[in-house]
Amino acid sequence: MTELTIRCPDDWHLHLRDGAVMQAVLPHSASWCGRAIIMPNLVPPVTTSAMADAYRARILSAVPTGDIFTPLMVLYLTETTCPADLQKGAEAGIISAVKLYPAGATTNSDSGVRDIEKVMPVLEKMAEIGLPLLVHGEVTDSDIDIFDREAVFIERVLAPLRETLPELRIVFEHITTAQAAQFVLSGDENLAATITPHHLIINRNAILAGGIKPHYYCLPVAKRESHRLALLEAVLADTGKVFLGTDSAPHIDAAKLQPCGCAGIFNAPNTLACLAQLFENHQALDKLENFTSVYGPEFYRLPVNEAAITLQRHETAQPVLAPVETAEGPVTVFDPQMEIFWSVAEKR
Ligand code: NCD
Ligand code: ZN
């Protein structure tokens, strides 16, 4: 096969940032994806419908002419989120989902939730109107090992929440463990998960073996190989419960390459090429479209994209992508550490 045409994908978890960095990174998503769920962890975070509306306008004005790209806005849940504002924003079509960051779990999450009891009225309103809750599923307790924080979150927070409010529609974001895959696959239709390209491709050795590699550090941190295999198995099982969320999270290199560097992997420029290669390597190219373009809209109750995208398979492996230049400095692109023969040829 030298060409593959699929329905245009969406990205159900994307960090676009703002200002100069957004200007530089956004074209790398708009070139291959139709819609994206836009993460609200700006400084200050996007906590009201009015802020989400203004951020959406800034994004739309940065979309390159000719590209069709629809940002789907997300409200950042705090312990003071107003259920009425949220309902108004959802009914006006401004808000597509709400994001739960446990306070302190990741980049710019300090205004997140400390005590889930405090947000129950908001979650009940969301359950009533069918608005999805997107969950960063890691506990933040310093006595819990960082590699166990997702699994412990399931036990302590997510499973109890599902029991208390089974009608709440939940996306367990960027899952990284066998426990999370198992929890989602055994859940009902109100539970789904996103998976990133990098968690399907690398394990924790990429970060730590042979020297410390900050460009592979993200949250949740990549786990051991058996977890990567469980995620891959969940995707290839083709159940409709897991779909693509890149968690493309650009930080300029100067911020990553520090004694205390930030978490985030920038993969928007090569997401589809990496996924096509991975699926081909597993004789599963026929399942790629469901993961990138069908199961996400199904969960979000949106139509699939009309547009299509064509990927091309080259005779020779494609070069590793150069960093993307921004006005604030270069941003290194995810290197999958495997030969990639695919590239995106055309979106139409
Ligand atoms: C994200 C970021 O940089 O905003 N970082 C990351 O490692 N994924 C935040 C997040 O999604 O956890
Ligand atoms: Zn993220």
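The legends below describe close-up views of a predicted model.

**View 1. Overall fold of the predicted protein.** The protein is built from 12 helices and 13 strands. Its C-alpha atoms fill a box of roughly 55 × 45 × 40 Å along the principal axes. The radius of gyration is 19 Å, which agrees with the value near 20 Å that a compact globule of 348 residues would have. Of the 348 residues, 57% are buried.

**View 2. Surroundings of ligand 1.** Ligand 1 is surrounded by 15 residues, the closest being N41, T106, L219, D247 and H251. For R17, an N or O atom of the side chain is 2.8 Å from an oxygen atom of ligand 1. For N41, the corresponding distance from a side-chain N or O atom to an oxygen atom of ligand 1 is 2.7 Å. On the nitrogen side, a nitrogen atom of ligand 1 is 2.7 Å from an N or O atom in the side chain of D247. On its own, ligand 1 has 320 Å² of accessible area, and the protein covers 100% of that area.

**View 3. Aromatic pair between W12 and Y300.** The structure holds eight aromatic pairs. In the pair shown, W12 and Y300 are stacked, with 4.5 Å between ring centres and 20° between the planes. W12 belongs to strand β2 (residues 11-14) and Y300 to helix α12 (residues 288-300), so the pair ties together parts that are 288 residues apart in sequence. Both W12 and Y300 are buried.

**View 4. Aromatic cluster containing F299.** W12, F243, F299 and Y300 form one aromatic cluster. F299 is buried, as is Y300. The ring of F299 also has the charged end of R169 over it, 4.2 Å from the ring centre.

**View 5. Charged end of R204 over F147.** A further arginine is placed over an aromatic ring in this view. The charged end of R204 sits over the ring of F147, and its distance from the ring centre is 4.6 Å.

View 6. The bond from V43 to P44 is cis, with omega near -5°. P44 is in the loop between β3 (35-38) and α2 (49-62). A cis peptide bond also leads from L219 to P220, with omega near -10°. P220 is in the loop between α8 and α9 (225-236). L219 is also among the residues closest to ligand 1.

**View 7. Loop residue N108.** N108 is not a glycine, yet its phi is positive, at about 50°. The residue is in the loop between β5 (95-100) and α4 (120-129). N108 has a relative accessibility of 33% and therefore counts as partly exposed.

**View 8. Loop residues I202 and Q337.** I202 is in the loop between α7 (197-201) and α8 (205-208). Its relative accessibility is 5%, so I202 counts as buried. Q337 is in the loop between β12 (329-331) and β13 (342-347). Although Q337 is a residue other than glycine, its phi is positive, near 55°. I202 and Q337 are 135 residues apart along the chain, and their C-alpha atoms are separated by 8.2 Å.

View 9. A206 is located in helix α8. With 6% relative accessibility, A206 counts as buried. From A206 to Y217 the separation is 11 residues in sequence and 8.8 Å in space, C-alpha to C-alpha.

View 10. L4 is part of strand β1 (residues 3-7). L4 has a relative accessible area of 12% and is buried. L4 and A276 are 272 residues apart in sequence, and their C-alpha atoms are 9.1 Å apart in space.

Notes. Residues are numbered from 1 along each chain as its sequence is written. Chains are lettered from A and ligands numbered from 1 in the order in which they are written. This is a predicted model: local features need pLDDT of at least 70, side-chain atom pairs count only at pLDDT 80 or more; totals for chains, interfaces and linings use all residues. Side-chain values use heavy atoms; hydrogens and water are left out. Rings of Phe, Tyr and Trp (its six-membered ring) pair if their centres lie within 6.5 Å; planes under 30 degrees apart count as stacked, over 60 as edge-to-face and the rest as tilted. Helices (H or I, at least four residues) and strands (E, at least two) are DSSP runs, numbered from the N terminus. Buried means under 20% relative accessible area, exposed over 50%, partly exposed in between (1.4 Å probe, protein chains only). A charge sits over a ring if NZ of Lys or CZ of Arg is within 6 Å of the ring centre and within 35 degrees of the ring normal. A residue is near a molecule or strand if one of its heavy atoms lies within 4 Å of it. A polar contact is a pair of N or O atoms within 3.5 Å; within protein, one must be able to donate a hydrogen and the other to accept it, and residues adjacent in sequence count only if both atoms are side-chain atoms. Accessible areas come from the Shrake-Rupley method with a 1.4 Å probe; for residues, only the protein chains shown count as cover. The radius of gyration is taken over C-alpha atoms; the globule rule is 2.2 Å times the number of residues to the power 0.38.
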